[in-house]
Amino acid sequence: MPWIVYLAIGRILGIRIKNINPIYNLVTKNSRAIANIIKYFRNNLKGFKSFQSRVWARTYIKHKG
C-alpha cells in the first residue's frame, strides 16, 4: 500500500505511523486511538473478522472498565 493510505488511516483513527523502509506500521498504545478503532469498525466487518473484532473489543472494554 502507498504511504498516503497509511497516512490517511493514521489521521482518521488517531494513530502514529512508524516507517521502517520499505515497511509501514500503524502503532498505538493510546486508549483513545483504540476506542476510535473499535468505533470505526463496529458493524462494518463481515464473517469471521466481525466475530474476532467483537471478541477483541469486548475484551478490551472489560479490561479497561
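Me: In which element of the protein is confidence lowest, and in which is it highest?
Reply: Across this predicted model the mean pLDDT is 85, and 97% of the residues reach 70 or more. Where pLDDT is low, the predicted coordinates should not be read in detail. By element, the lowest mean, 76, belongs to strand E1 (residues 16-20), and the highest, 90, belongs to helix H3 (residues 48-64).

Me: In what order do the elements of the protein run from the N terminus?
Reply: The secondary structure consists of three helices and two strands. Read from the N terminus, the order of these elements is α-β-β-α-α.

Me: Which residues of helix H1 are buried, and why do they line one face of the helix?
Reply: Helix H1 covers residues 3-13, and its buried residues are Tyr-6, Gly-10 and Leu-13. An α-helix has 3.6 residues a turn, so positions three or four places apart point the same way. Viewed down the axis of H1, the buried residues lie within an arc of 80°, and therefore they line one face. The residues in question are Tyr-6, Gly-10 and Leu-13.

Me: What covers the buried residues of H1, and which exposed residues does the face turned away carry?
Reply: The cover over the buried residues of H1 includes E1, strand E2 (23-27) and H2. The face turned away from that buried side carries exposed residues, namely Ile-4, Arg-11 and Ile-12.

Me: Which residues make the nonpolar surface patch of about 300 Å²?
Reply: One contributor, Phe-41, is placed in helix H2 (residues 31-41). Phe-41 is partly exposed, because its relative accessible area of 34% lies between the limits of 20% for buried and 50% for exposed. Another contributor, Ile-12, is an exposed residue on the face of H1 turned away from its buried side. The patch is made by Ile-12, Tyr-40 and Phe-41.

Me: What share of the accessible surface of the protein belongs to carbon and sulfur atoms?
Reply: The C-alpha atoms fill a box of roughly 35 × 25 × 15 Å along the principal axes. Buried residues account for 17% of the 65 residues. The accessible surface comes to about 5,600 Å², and the share belonging to carbon and sulfur atoms is 59%.

Me: Among contacts between residues at least 6 apart in sequence, what percentage join residues at least 24 apart?
Reply: The count concerns contacts in the protein between residues at least 6 apart in sequence.

Terms used. Residues numbered from 1 in each chain as written. Predicted model: local features only at pLDDT ≥ 70, side-chain atom pairs only at ≥ 80, totals over all residues. Heavy atoms only, no water. Patch = residues over 30% accessible without salt bridge, like charges linked within 9 Å, V, L, I, M, F, W, Y side chains within 5 Å. Areas by Shrake-Rupley, 256 points an atom, 1.4 Å probe, with all protein chains shown as cover. Salt bridge = Lys/Arg side-chain N within 4 Å of Asp/Glu carboxyl O. Helix = DSSP H or I, 4+ residues; strand = E, 2+ residues; numbered from the N terminus. Buried < 20%, exposed > 50% of the residue type's maximum accessible area, 1.4 Å probe, protein only. pLDDT = per-residue confidence, 0-100. Contact = heavy atoms within 4.5 Å. Arc of directions from axis to C-beta.
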